[in-house]
Amino acid sequence: MFKDIQKFINPDGFSVIVHFSLSQFVSSSEVGYVTNAFSLENDLVFDYLKKDTYCNDEKIFQACSLVKLNKSLLSLSYTVLTNVEKRKVQLAHLLLLHSKVLVLDHFFDDFIYSEKEYFKCFFRNLIHKQHIAILLLEDDMNFICEIVKHFYLFIDKTHYKLITDFYDDEIYQYVDMPYTVELIKYFESCGYSIDHEITFNETLKAIYRGVA
Amino acid sequence: MELYFEILPRDVWVQKTLLLKSFPFLFHESTCMLGESGSGKTLFLKELKKNKNYRTNGTVDFYFGKLTSIKNWKSKIHYEMLDTEDQFFCDVFFQNGKQIGQKCGLVLKLLKNPNYFFCDDLHLCYHDLELLVSYSQKKSIFLFYVSNNIEVTTYFSYLIVLKNHQVAVEGKTHLVLKEEKLMKVLGYSLPFYVNLSIQLGYYGLMNSICFNKEDMEICLRTSKNL
């Protein structure tokens, strides 16, 4: 799949692939990967960030600050970090490598709301100001509903299709239904007529229009 | 029967700042501890297990998850030996075929009927989590669950929210989740249905907080007399 990575890239916003996870990856200055599958032996976080990037300490601290990584973690072994911290370390590494495409495999998993909001803004800045492409591999449809209007759904490891209708039941053979779609479908089954919206705010207005 | 946490071990959160030096918490209902990644939720459970910093006349057990693949869950949990009620629970719990190894480990612990059960975040789907909570209640097992997902909190009657390695707010779940602004300040959104019912309240469409779609439909119908 990732030989043809460019065809999934949207230069103006997030590109999203659903129901797919990385098995093979090698980060470079062209394409960088952030994934839970990545592991390091006994490297300290600081040494890992220094290695290959050849950056000075100040640049490393800046990168950590950008990804909201506590500096106290720099002196720890990578293996003792939580998955969220590991993903932030990998992202800082890719920023220091100046990768032009970032492939983020379930990056937002286990983030709380404020962290998700921060990284959404951060990645949008990377896309629009640094012209870095962001490809998200995600299964959390509640999150996807808030960030894109279409995505690629992988049926299996090689076959995929472009999805523009979030109310297509086929999607939910592979991933959980988002709350907005679930609720509107349920209300329809109860006899209400409500516009098919996907974001929280639009769903709120649609319910108001359909019920009030 | 009661369970009190005593003074927790010093340096519990050695490398991540001390979280709870004392935690005067009386554990008497299904409880969810909500905290962001790295806040020390799992470490809290591990230290509690290791140092036994609690007083109780009941039995206590812990579960941290198990990433093993198991083909035949029935033989693993000795399904034939279970009573009808437990068999029914297992049939439904294992129905979707997901996380079988994880669930086997969990069920084996639950079948021992501990009075207090501390469980790390297992990332169960909401349906399975709901089953787990209702089964625990039926069996009078007090469940203490940790998570970073605000959506799971609605299944528990008591909620403890962590921020900056401290307990920021705690109380009955429905009362804590009413504090929309406080939760935002703490970095959390509200669970979807709670948030939606509060927002619909501002539109004058609802006057109570709902935890699921069925409640929401009934509330809307009642409040608008539809």
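**View 1. The buried residues of helix α6 in chain A.** Within α6 of chain A (residues 179-189), the buried residues are A:Y179, A:T180, A:V181, A:L183, A:I184 and A:F187. Buried here means under 20% relative accessible area, with a 1.4 Å probe and protein chains only; helices (H or I, at least four residues) and strands (E, at least two) are DSSP runs, numbered from the N terminus. After α6(A) comes A:G191, with a positive phi near 105°. This is a predicted model, so local features need pLDDT of at least 70 and side-chain atom pairs count only at pLDDT 80 or more, while totals for chains, interfaces and linings use all residues. Residues are numbered from 1 along each chain as its sequence is written, chains are lettered from A and ligands numbered from 1 in the order in which they are written, and side-chain values use heavy atoms, leaving out hydrogens and water.

View 2. A:I127 sits in helix α4 of chain A (residues 113-129) and counts as buried because its relative accessibility is 3%. Skipping neighbours within four places in sequence, A:I127 has contacts (heavy atoms within 4.5 Å) with A:P11, A:D12, A:G13, A:F14, A:I132 and A:I134.

**View 3. The six-stranded open sheet of chain B.** The strand order is β4-β5-β6-β2-β7-β8, with mixed pairing; strands pair if DSSP finds at least two bridges between them. Edge strands β4 (60-63) and β8 (166-172) of chain B each have a single partner, so one side of each lacks a neighbour in the sheet.

**View 4. Where β4 meets β5 in chain B.** β4(B) and β5(B) (residues 116-119) run parallel, joined by four bridges. B:F62 has B:F118 in β5(B) as its bridge partner.

Notes:
Buried means under 20% relative accessible area, exposed over 50%, partly exposed in between (1.4 Å probe, protein chains only).
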